[in-house]
Amino acid sequence: MALQPDGSFEWQAPFHPDVPLPWLDAEHDVGPAVLQIFKDGPPTSSSNPRRIPLAYEFLSPIQACAAFARGVGRSVRYKHNPIIEVRVKIPRGYKEQLVALEQMYSLGRDDAKLQPPYFAELELENNVPEEAMKLWEGYRGLEEYAREVFPLEEAANGLTWMVEDNEDERAYTHSEVENGGVDDTGNYEEDDGDDDGLTIGGGLGTSGEATPARKEETWLA
C-alpha cells in the first residue's frame, strides 16, 4: 500500500480485480483460532476436518480497497500488476513465495473464471468465513486494521501522513512525497536477517519511546 503525491493510497498486486480472495489478520487471529483447535479439536461439522480455511473475509481487490479506504479515511485505488514490487526489506525466503504468487495468478489472469482458488480447492473457499467463525469470532477485519493498526505501523516507519490529516488545506512537499514511498530511485534487496524491516522510532516528529507505536504496544500483539 503506497502513499501517492495526492495523499491517496495505491495497492498493486497480481490478483484479478474482481475475483474474491480470503483475508486473514494473521497477527490478530491465528493464535486464538489455533488455540481453540488445541482445546476442542476442529469443528465437528467440518466436511474436511484436516483442512480448515482460516479466513474471515472474502473480498475482491476492489472490495478490499473500498474497505481499506473506509478505515484509513483516504481514497485507495487498486492497480493490477503481474509483478509484485517490493520496496522494503523482506525476510529470507519470502521472495520465493512472492514469485510463486506471481506465477500462480498469471494463469488466466485476464479471465476471472480461470483464476485459481487461493486454497487450491473450491470447497474450502466456499466455506469462508463460516468454518473460521466456528473457531474464533473476535476477528479483526481489513477495515478495522486500516483504521486502528495501519497508521501506527506507518508512524513506526517514520511516515507522518496521519498527522497531516489534522491540518487544514496543507500542501504536500516534495520531501513528504518521497517519504510516502513513491521515490523510485531506491534499491530494494532481500534482507539476510530474520526481521521484516520494521523500524521502531521516528514518526510524528519524535523518536524512540515517544512514537505512538511504542506507546500503543497492542499493535504488536
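Where does Ala55 lie? I found Ala55 in the loop between α1 (26-40) and β4 (57-59), where helices (H or I, at least four residues) and strands (E, at least two) are DSSP runs numbered from the N terminus.

I kept in mind that this is a predicted model, in which local features need pLDDT of at least 70, side-chain atom pairs count only at pLDDT 80 or more, and totals for chains, interfaces and linings use all residues. Residues are numbered from 1 along each chain as its sequence is written, and side-chain values use heavy atoms, with hydrogens and water left out.

I looked up the accessibility of Ala55 and noted 1%, so Ala55 counts as buried (under 20% relative accessible area; exposed is over 50%, partly exposed in between, with a 1.4 Å probe and protein chains only). Beyond its neighbours within four places in sequence, I listed its contacts, among them Trp23, Phe119 and Pro129 (contact means heavy atoms within 4.5 Å).

I then turned to Pro129, which is in the loop between α4 (122-125) and α5 (130-133), and saw that a cis peptide bond with omega about 5° joins Val128 to Pro129.

Last, I checked salt bridges (a side-chain nitrogen of Lys or Arg within 4 Å of a carboxyl oxygen of Asp or Glu) and noted that Arg140 pairs with Asp25, their closest N and O atoms being 2.6 Å apart. This pair links distant parts of the chain, 115 residues apart; Arg140 is buried at 11% relative accessible area, and Asp25 is buried at 13%.
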